[in-house]
Amino acid sequence: MKKRFLPIALAALLVLGLAACSNTETPATDAPETGGTEVVEPTGNAAKPLVWFNRQPSNSSTGELDMAALSFNEDTYYVGFDANQGAELQGQMVKEYIEGHIDGLDRNGDGIIGYVLAIGDIGHNDSVARTRGVRSALGTAVEVDGEVVSDPVGINTDGSATAVQDGSITVDGTEYIIRELASQEMKNSSGATWDAATAGNNIGTWTASFGDQIDVVVSNNDGMGMSMFNAWSKDAGVPTFGYDANSDAVAAIAEGYGGTISQHADVQAYLTLRVLRNALDGVDIDTGIGTADDAGNVLTDDVYVYVPEERSYYALNVAVTAENYEDFLDSTVTYAPVSNQLSEDTHPVKNVWLNIYNASDNFLSATYQPLLQKYDDLLNLNVEYIGGDGQTESNITNRLGNPDQYDAFAINMVKTDNAASYTAILAQ
Ligand code: BGC
Ligand code: CA
């Protein structure tokens with residue numbers, strides 16, 4: 001019945017005992033070599049392949065990685081994207097747009113290029129990175145203890161906020177001030193973050209009181225960015241920048257959306273299922289990733305990096321602007337170099353439980369899941385997709401009532417701190 005009992009490798013498994021009793025009080029879990037500590041080998045569901053994706057197990061206040069969750073067993077990985085590289089690209093993209101389109105950009109002619117910023121989730125490390133990247137590129141960043149402050153400022157039309165400062169930019173000999181006029185976490189009243197509807201309402205509030213000061217709109221993602229664009233900036237002719245390269249956002253570039261960043265969801269979705277496939281096949285984890293598999297699937301290092309000490313795969317980002325958007329119009333096309341069908345003889349069908357933290361998250365539902373659904377066929381995985389409400393972990397974990405039915409698990413937590421809510425179930 002159970003396909004896998006005892007994996008052979010031992011080193012990583014010390015962690016198990018600790019992870020099983022979970023929680024934040026768990027002492028340092030960097031597995032010691034062999035300290036005379038009792039080696040607990042996982043069995044049953046605790047030994048099955050597990051991949052975290054899109055929300056990296058980490059402390060939502062400090063960003064510190066939750067290594068207990070990331071090394072839950074020897075077949076545990078995280079798949080995401082390089083947040084800092086992407087954040088830098090997003091900031092750069094906005095800055096270059098301002099420099100290249102300065103004529104008429106300052107709508108009220110006050111010498112200030114004012115922007116507003118929609119923040120996704122103040123406790124999500126990718127969101128934090130994007131806020132920092134934009135502030136750093138535009139000169140509005142303030143550092144405390146060597147780190148750029150990523151807190152929302154609320155309203156800052158007078159430039160007095162302490163979480164940001166006024167930046168400046170000189171184009172064709174003219175100097176402009178750059179000011180973050182307002183920023184806010186877009187969380188709805190039930191607690192869902194990255195909330196597009198909230199962003200759409202908010203731009204209405206902002207524009208009603210200081211609309212003529214807003215020259216640029218920036219968002220931590222396209223879901224919120226498009227909501228603001230449709231509610232206001234498209235008609236107002238104000239460039240709006242997002243992140244994710246969802247199909248609707250890319251199409252909107254033809255109508256004045258300023259640009260977005262592709263986080264290479266086509267590579268991430270592949271890696272999410274591929275690491276499970278490899279573990280289930282009992283082959284080297286690099287198979288079909290850095291090393292071609294028997295069907296010819298392989299990735300090159302210009303699209304991802306693997307950081308072994310974080311047990312994490314990170315896809316690399318690409319800026320999508322008026323220059324190249326036509327190549328990105330469909331965000332649900334699989335990445336050609338890894339689109340070859342595996343043979344069912346050598347890679348028999350396996351059952352995977354996979355959840356999406358919020359069924360109405362634009363990126364995950366419009367881009368990531370459709371890609372997963374294509375790759376699951378190519379990789380012979382029978383995936384059960386569970387859509388959460390974006391608010392509580394229990395809404396999802398309640399539907400992990402029978403883990404015995406599955407061969408592997410792919411998890412997208414509501415909150416990055418909550419890995420133990422899942423591993424506790426698997427460790428039972
Ligand atoms: C995406 C956001 C999404 C979030 C959810 C990010 O990587 O850019 O659009 O809402 O993940 O965790
Ligand atoms: Ca202005």
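Two strands are taken to pair if DSSP finds at least two bridges between them. Helices (H or I, at least four residues) and strands (E, at least two) are DSSP runs, numbered from the N terminus. The structure is a predicted model, in which local features need pLDDT of at least 70 and side-chain atom pairs count only at pLDDT 80 or more, while totals for chains, interfaces and linings use all residues. Residues are numbered from 1 along each chain as its sequence is written, and chains are lettered from A and ligands numbered from 1 in the order in which they are written.

The chain contains 11 helices and 17 strands. Its radius of gyration, taken over C-alpha atoms, is 22 Å, which agrees with the value near 22 Å for a compact globule of 428 residues; the globule rule is 2.2 Å times the number of residues to the power 0.38. The C-alpha trace spans about 70 × 45 × 35 Å along its principal axes. Of the 428 residues, 51% are buried. A residue is classed as buried if 20 or more other C-beta atoms lie within 10 Å of its own, as exposed if 12 or fewer do, and as partly exposed in between, with C-beta atoms placed from the backbone. Contacts require C-beta atoms, placed from the backbone, within 7 Å. Among contacts between residues at least 6 apart in sequence, 73% join residues at least 24 apart.

Strand β15 (residues 350-356) has six of its seven residues buried. Seven bridges connect β15 with strand β16 (residues 381-387), and the two run parallel. In this pairing Lys350 lies opposite Leu381 of β16.

Val352 has Ala408 as its bridge partner in β17, and Trp353 has Phe409. Strand β1 (residues 50-53) is likewise parallel to β17, with three bridges; here Trp52 stands opposite Ile411. In a regular strand the side chains alternate between the two faces of the sheet. In β17 both faces are covered, with Ala408 and Ala410 buried on one side and Phe409 and Ile411 buried on the other.

Most residues other than glycine have a negative phi. Asp172, in the loop between β7 (167-171) and β8 (174-185), has a positive phi near 50°. Asp172 counts as exposed because it has 7 C-beta neighbours inside 10 Å. Asn380 also has a positive phi, of about 55°, and lies in the loop between α9 and β16. Asn380 is buried, with 20 other C-beta atoms within 10 Å.

Ligand 1 is surrounded by Asn54, Arg55, Gly120, Asp126, Trp194, Asn221, Gly223, Tyr243, Asp244, Asp361 and Phe363; a residue is near a molecule if its C-beta atom, placed from the backbone, lies within 6 Å of it. This shell comprises three nonpolar, four polar and four charged residues. Ala, Val, Leu, Ile, Met, Phe, Trp, Tyr, Cys and Pro count as nonpolar, Asp, Glu, Lys and Arg as charged, and the others, Gly among them, as polar.

Notes
Two residues are in contact if their C-beta atoms, placed from the backbone, lie within 7 Å.
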